[in-house]
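Please look over the sequence and the structure shown here before reading on. The briefing below goes through them topic by topic.

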Amino acid sequence: MPTLNASSLAKSYPIADGELVVLREATLQLERGESAAIVGPSGSGKSTLLSILGTLETPSTGTYELGGAAPFSLSEPELAKFRSRQVGFIFQDHHLLPQCSVLENVLVPMLADGAAGSADVERAEQLLDRVGLAERRHHRPAQLSGGERQRAAIARALLREPTLLLADEPTGNLDRHTADAIVDLLLELQAERNAILVAVTHSEPLAARLQQRHTLNDGRLERQ
Ligand SMILES: Nc1ncnc2c1ncn2[C@@H]1O[C@H](COP(=O)(O)OP(=O)(O)OP(=O)(O)O)[C@@H](O)[C@H]1O
């Protein structure tokens with residue numbers, strides 16, 4: 001069984017005169033260490049698929065297993081713990097908390113289990129060192145450049161050594177040079193940790209560097 005095993009995922013939302021079908025058929029299988037790009041036109045369901053893989057949304061039909069577990073059969077509190085341990089999220093807009101320092105932001109994934117301990121702080125500091133932000137750990141996100149904020153977001157996503165890294169347009173707000181450096185860093189860290197990476201992107205340079213390429217068209221996912 002592959003580590004990530006998504007089979008015939010579909011998602012629809014109720015609307016006034018029936019239902020809106022956003023995802024019709026998405027099947028995706030990835031082993032640890034593998035990466036996939038999800039490309040497709042705006043509104044084709046890419047973010048919806050990513051939300052299901054990240055267990056933030058439940059599919060209407062289909063099955064999903066990650067690391068041998070079936071997350072959608074867990075209770076809500078168990079699912080929240082599963083998600084914080086197994087999935088790291090990187091968004092286009094970094095989603096860092098503006099009132100917290102970079103170090104505090106990197107520790108946010110520990111909050112699902114209560115407070116962060118001294119070993120967590122040590123790991124967060126090592127990660128910040130690894131992403132080149134050691135000197136910036138007590139700064140607020142507003143004091144960082146766009147590329148530095150994305151480095152902090154990558155460190156946060158990796159803190160719990162998740163099985164799955166999900167990235168939604170991770171280079172969307174960056175210039176080409178900064179974007180290339182962020183992709184380099186992301187792929188290096190993914191390889192070091194043997195994690196799965198799934199990235200939704202309109203960026204051809206990013207998609208070209210991932211192993212699998214899938215296109216979503218009108219809610220149907222096809223491997224190319
Ligand atoms: N909670 C919701 N309720 C109703 N419709 C929704 C909901 N979430 C998404 N949709 C609709 O589902 C469709 C697909 O949205 P989604 O954000 O997954 O597309 P996308 O491919 O990621 O688009 P983009 O590239 O523009 O971000 C859109 O028409 C959107 O309006």
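This is a predicted model: local features need pLDDT of at least 70, side-chain atom pairs count only at pLDDT 80 or more; totals for chains, interfaces and linings use all residues.

Residues are numbered from 1 along each chain as its sequence is written.

**Confidence**
- The model scores are ipTM 0.91 and pTM 0.94.

**Annotated region**
- UniProt, in an unreviewed entry, lists residues 4-224 as "domain: ABC transporter"; such annotations may be inferred rather than shown by experiment, and the positions are given in the numbering used here.
- Over residues 4-224 the chain is 33% helix and 27% strand, where helices (H or I, at least four residues) and strands (E, at least two) are DSSP runs, numbered from the N terminus.
- The end C-alpha atoms of this stretch are 19 Å apart.

**Around the ligand**
- The residues around the ligand (C-beta atom, placed from the backbone, within 6 Å of it) are Y13, L20, V22, G40, S42, G43, S44, G45, K46, S47 and T48.
- Two or more residues of this shell come from each of β2 (18-30) and α1 (46-53), and α1 gives the most, with three residues.
- By type, the shell has three nonpolar residues, seven polar and one charged; Ala, Val, Leu, Ile, Met, Phe, Trp, Tyr, Cys and Pro count as nonpolar, Asp, Glu, Lys and Arg as charged, and the others, Gly among them, as polar.

- Five of the five residues of β7 (residues 196-200) are buried (20 or more other C-beta atoms within 10 Å of their own, with C-beta atoms placed from the backbone).
- I196, V198 and V200 point one way from β7, while L197 and A199 point the other way.
- In a regular strand, side chains alternate between the two faces of the sheet.
- β7 runs parallel to β3 (residues 35-39), joined by four bridges, and I38 has V200 as its bridge partner.
- β7 also pairs with β6 (residues 164-168) in the parallel sense over five bridges (pairing takes at least two DSSP bridges), with L164 opposite I196.

**Positive phi angles**
- S8, in strand β1 (residues 4-15), is not a glycine but has a positive phi of about 50°.
- N194, in the loop between α6 and β7, is also a residue other than glycine and has a positive phi near 55°.

Key
A residue is buried if 20 or more other C-beta atoms lie within 10 Å of its own, exposed if 12 or fewer, and partly exposed in between; C-beta atoms are placed from the backbone.
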